[in-house]
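Me: I'm new to this one. Can you walk me through how the fold is put together?

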Amino acid sequence: RPVGVPRPPSVPSPLGVPLSLTVSRPRSPAAMAAPPAPAVSPGPPGGLVAVAQVTCTADKEHNWRQCSALVRRAAGAGARAVFLPEAFDFIGDSPQHSLELAEPLHGDTVRRYRQLARECDVWLSLGGFHERGQDWDSTGRIYNCHLLLDNSGALVAAYRKLHLFDAALPGQPALCESSFTNPGQELLPPIDTPVGKLGLAVCYDLRFPELAQALRGAGAQILTFPSAFTVPTGAAHWEVLLRARAIECQCYVVAAAQTGRHNATRASFGHSLVADPWGTVVAQCHEGPGLCLAHIDLAYLEQVRRDLPVHGHRRGDIYGTLTGTP
């Protein structure tokens with residue numbers, strides 16, 4: 001860090017480690033025990049966030065047990081918001097299987113998570129829900145939908161992934177998300193949350209810096225990229241892309257990820273992380289299901305933006321203004 005831009009201070013946590021450190025796997029119940037989290041107050045934004053890393057399969061009940069246990073542990077540790085990865089609901093064995101398992105927003109899966117948010121008094125970022133939208137009967141296709149629930153369980157926002165992942169990497173099974181998924185048609189403005197103004201995206205959106213800059217221009221303080229990165233692309237690009245978005249947008253970046261083997265043909269890279277506005281990784285999981293915790297320090301974010309006012313130096317008069325902001 002340059003002179004005058006200090007590292008955000010570590011804060012003691014109920015887990016007995018600084019919040020900027022990683023809890024890479026769930027501890028034993030005794031080690032994870034913590035007093036109940038206080039109710040989220042209307043005080044200044046910022047505070048503790050928890051990022052979950054899971055290995056989902058086609059078994060919805062297995063996935064629910066895994067994700068809900070991590071949400072409860074995060075709430076017990078004092079998190080104000082908990083972030084789950086793309087495909088937190090399930091990862092099907094084929095596109096047809098995913099279509100069969102998909103649900104509408106008023107279905108049982110979302111209902112259970114709304115109740116969980118109320119019980120735990122936390123905001124939930126549900127990173128990529130397989131949504132049967134209003135056009136399901138006519139198209140037979142779904143949306144990859146990032147849902148945001150507040151601590152009363154209300155659905156605050158539903159962002160439908162704009163960029164669909166179609167790739168055929170050497171030695172890897174071809175993935176063609178567009179074969180069964182509709183692309184979204186709008187970029188949502190950042191949402192006010194107890195931890196800051198949240199910009200919603202999903203996985204492959206990470207590769208499009210225009211989207212991140214549009215969210216930054218609309219006031220985002222935190223960018224979210226819940227993901228299920230493949231192992232080859234994750235090993236090569238995951239951390240560097242996330243840090244780049246944090247640095248160029250001077251935002252916190254929160255990226256919950258799938259990890260490990262989902263079925264016979266699909267595996268994910270993992271390494272969920274939080275990067276600060278200077279691009280430093282302040283919390284990270286490695287391999288296997290678990291949580292990492294990080295403190296969102298909005299005073300530090302504003303200091304970085306003041307000391308290096310990149311956003312004000314943009315030359316839109318020369319290369320045009322970014323489109324896509326509502």
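Reply: Let's go through the cores, then the sheet, then the helices. Keep in mind that this is a predicted model.

Me: Which residues touch the most other members of the largest nonpolar core?

Reply: Leu200, Leu223, Phe225, Trp238, Leu242 and Val274 do. That core has 53 residues.

Me: And which helix gives the most to it?

Reply: Helix α7, residues 231-249, with 5 residues.

Me: Back to Trp238. What is it in contact with, leaving aside its neighbours within four places in sequence?

Reply: Trp238 is in contact with Leu206, Phe225, Ser227, Phe229, Thr233, Ala255 and Ala257, among others. The list also includes the run Phe269, Gly270, His271, Ser272 and Leu273.

Me: What about a second core?

Reply: A separate core of 33 residues includes Leu84, Leu116, Ala117 and Cys120.

Me: OK, the sheet. In what order do the 6 strands come?

Reply: The order is β9-β10-β11-β12-β15-β16. The sheet is open, and its pairing is mixed.

Me: Which strands are at the edges?

Reply: β9 (191-193) and β16 (281-284). Each pairs on one side only.

Me: How far are neighbouring strands turned against each other?

Reply: By 25° on average, with direction ignored.

Me: How many bridges join β10 to β11?

Reply: There are 3, and the two strands run parallel.

Me: Switching to α6. Which of its residues are buried?

Reply: In α6, residues 209-217, the buried ones are Leu211, Ala212, Gln213, Ala214, Leu215 and Arg216.

Me: What covers them?

Reply: The cover includes strands β6 (155-160), β10 (196-200) and β11 (222-224). Helices α7 and α8 (298-307) are also part of the cover.

Me: What comes just after α6?

Reply: Gly219, which takes a positive phi of about 110°.

Me: Last topic. At what angle do α2 and α4 pack?

Reply: At about 15°, with their axes 11 Å apart. α2 is residues 60-76 and α4 is residues 108-120.

Me: Why does α2 count as roughly parallel to α4?

Reply: Because angles under 35 degrees count as roughly parallel, and α2 and α4 are therefore described that way. The crossing of α2 past α4 is right-handed.

Me: Which residues meet there?

Reply: From α2, they include Trp64, Cys67, Ser68 and Val71. From α4, they include Arg112, Tyr113, Leu116 and Cys120. Leu116 and Cys120 also belong to that second core.

Conventions:
Residues numbered from 1 in each chain as written. Predicted model: local features only at pLDDT ≥ 70, side-chain atom pairs only at ≥ 80, totals over all residues. Heavy atoms only, no water. Core = buried A, V, L, I, M, F, W, Y, C linked by side-chain atoms within 4.5 Å. Buried < 20%, exposed > 50% of the residue type's maximum accessible area, 1.4 Å probe, protein only. Helix = DSSP H or I, 4+ residues; strand = E, 2+ residues; numbered from the N terminus. Contact = heavy atoms within 4.5 Å. Pairing = 2+ DSSP bridges. Axes fitted to C-alpha atoms, helices over the stretch in contact; angles between N-to-C directions. Parallel < 35°, antiparallel > 145°, perpendicular 65-115°, else oblique. Left-handed = near helix turned anticlockwise from the far one by under 90°.
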